[in-house]
Amino acid sequence: MQKWLVLAVVVLGLSLDLLDMTIVEVAIPDIMNQFGADIHLAQYVVTAYMMTIGLVEPVTAYLAETRGMKKMYIASLVVFILGSALCAESWSIESLIAFRVVQAIGGGMIMPLSLAIVQKVFGKEELPLAMGLMGVPLLIAPAVGPVLGGYLVEHFSWKWIFWLNIPVGIPAFLAAWLILTEFETMQRKFDALGFILSGIGFSSLLLAISNGPDEGWGSASIVGLFFLSVSCLTLFVWVEAVVSDPLLDLRLFRHRIYTSATLVTFFLMMSLFGSLYLVPLFLQQLRNMGPVDAGLALIPEVLGAALLVPVSALLLPRVGATWLTIASVVVMTAGMMPLTSLEMDTDLQILKQHLAVIGCGLGLGIMPAVTLAYSTVPDVLVNQGSAFLNLVRQIGSALGVALLTTILQERQPVYLTRYAETITLGSPAEQAWNQVAVSLQGMGYSVGEAQQLMVSLLVQSVEKAASVLAFHDAFFAAVVFGWLTMVPALFLYQRHIGEL
């Protein structure tokens, strides 16, 4: 019974962290209005959080091993709660960005510590189910965050997206204090050079990925960030190979299953946001739905995932992670492919059915690789394995959203040009729109007013049609990300499937 209480404690804390990653973005317009900030500065409310996670997560394993896992988990909750309160009381955009950094210091440690605690507490037979249950918040948070954030912003204030963490965070802190027990610690040197190099490398990578769609992938700032990231991470790998107490023990990657699971997680997270990011965006931009209603449309996907997570946990010891991951991609593709022909007038119930199928696929595949990775990594490397795997999850999520955003931005003008080329003098399209102008005159508009209104309707129609086709390309890219998951999944095979 004790171990299941531990699971409930870490899931509660984990939900706080995951929800906060998606709840903030819907509040950016209101934050800009209140503080008079432009979009570039306001976006650092989101990117500062991600950059700090890139700095904090590599050092989480060291802190857990030398200071105590329970102590660091409780400390992470305290810092996260404090950061949330400070964000709610911020007086300027600069102070809000600074307090988001404080919040991220706590939030960045919650996920890897949660995974490591569960791995320590549960035996190999129960680990698949425990990990599967931990995967539910991972799927629910991206869907619920925009809905809840939109509701709070619309009916109260953007400050409530931060105040909300207090009544949930305090019980999570008290439960962790009372229920968790401390694990064995060790003495080892702090890899300061590795920390500096990894912090700069991963933070600049996340910043480049996040800002790439807006600033342009070929812009000097983004190219500079990528160069800085590659340089620092290359040096980081060299340092970790020669120091006696590395921040990231490269022996992790001698384990075939761990390395494969890391790649599976990376591609699966990229594909995940094909539905969780693109569908609400499609519904809001092209069907004029509010953030709350658009978010609610994702509920069937969340339910499908929640129903299949325990099934996945039961199947893992019997069929293995390779077949489960491949099956999940097949199911996800079956749900995602119809979205590559999604139209503005597609029935919402049909869309929800496709999303439910995608959710079932995600439920099958979101945790088996991670569970298998933890079961094969030696206990001495669990903390480091957890921190790095979670960092890869963050990078995959950010890169998935960035690439899908870029596809939308790049393809929409291409399709817009193609549509414009079809409306030439004497073409059927031009004649049809002239008939619209005639109809408007029949409704009482003057010739000039009818022509002006017709042109306005024409531009709106062409822009929406071009956007729809750009979304088709983005959905197909998400499908491709899912297909790529199959390659590393082939290396998840076990010699004895029944043994985790």
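The count comes to three cavities of 30 Å³ or more. On a 1 Å grid over the protein atoms alone, a cavity is a set of points where a 1.4 Å probe fits but cannot get out, whereas a pocket is an open set with protein on both sides within 12 Å along at least five of seven lines; lining residues have an atom within 4 Å of a point. Grid points are joined across faces, edges and corners, and a volume is the space filled by probe spheres set on the points. This is a predicted model, in which local features need pLDDT of at least 70 and side-chain atom pairs count only at pLDDT 80 or more, while totals for chains, interfaces and linings use all residues. Residues are numbered from 1 along each chain as its sequence is written, and side-chain values use heavy atoms, with hydrogens and water left out.

The second largest cavity has a volume of about 80 Å³. Its lining consists of P58, F202, F236, L247, L248, Q384, A387, F388 and L391, with α18 giving the most, four residues. Helices here are DSSP runs (H or I, at least four residues), numbered from the N terminus. By class, eight of the lining residues are nonpolar, one is polar and none is charged; Ala, Val, Leu, Ile, Met, Phe, Trp, Tyr, Cys and Pro count as nonpolar, Asp, Glu, Lys and Arg as charged, and the others, Gly among them, as polar.

The second largest pocket has a volume of about 370 Å³. Among its 15 lining residues, F202, L233, F388, V392 and I395 are the closest to the centre. Two or more residues each come from α10 (192–215), α11 (220–242), α12 (256–276) and α18 (382–422), and α12 gives the most, with four. This lining has 13 nonpolar, two polar and no charged residues. Because domain 2 (191–244) and domain 3 (249–410 + 473–499) both contribute to the lining, the pocket lies between them; the domain bounds come from an automatic or database domain assignment.

Elsewhere, helices α15 (residues 299–336) and α16 (residues 348–365) pack at an angle of about 25°, with their axes 2 Å apart. The two helices are therefore roughly parallel, a term for angles under 35 degrees. Axes are lines fitted to C-alpha atoms over the stretch in contact, and angles run from 0 to 180 degrees between N-to-C directions. Their contact has 16 nonpolar, nine polar and two charged residues.

Technical notes. Angles under 35 degrees count as roughly parallel, over 145 as roughly antiparallel, 65 to 115 as roughly perpendicular and the rest as oblique.
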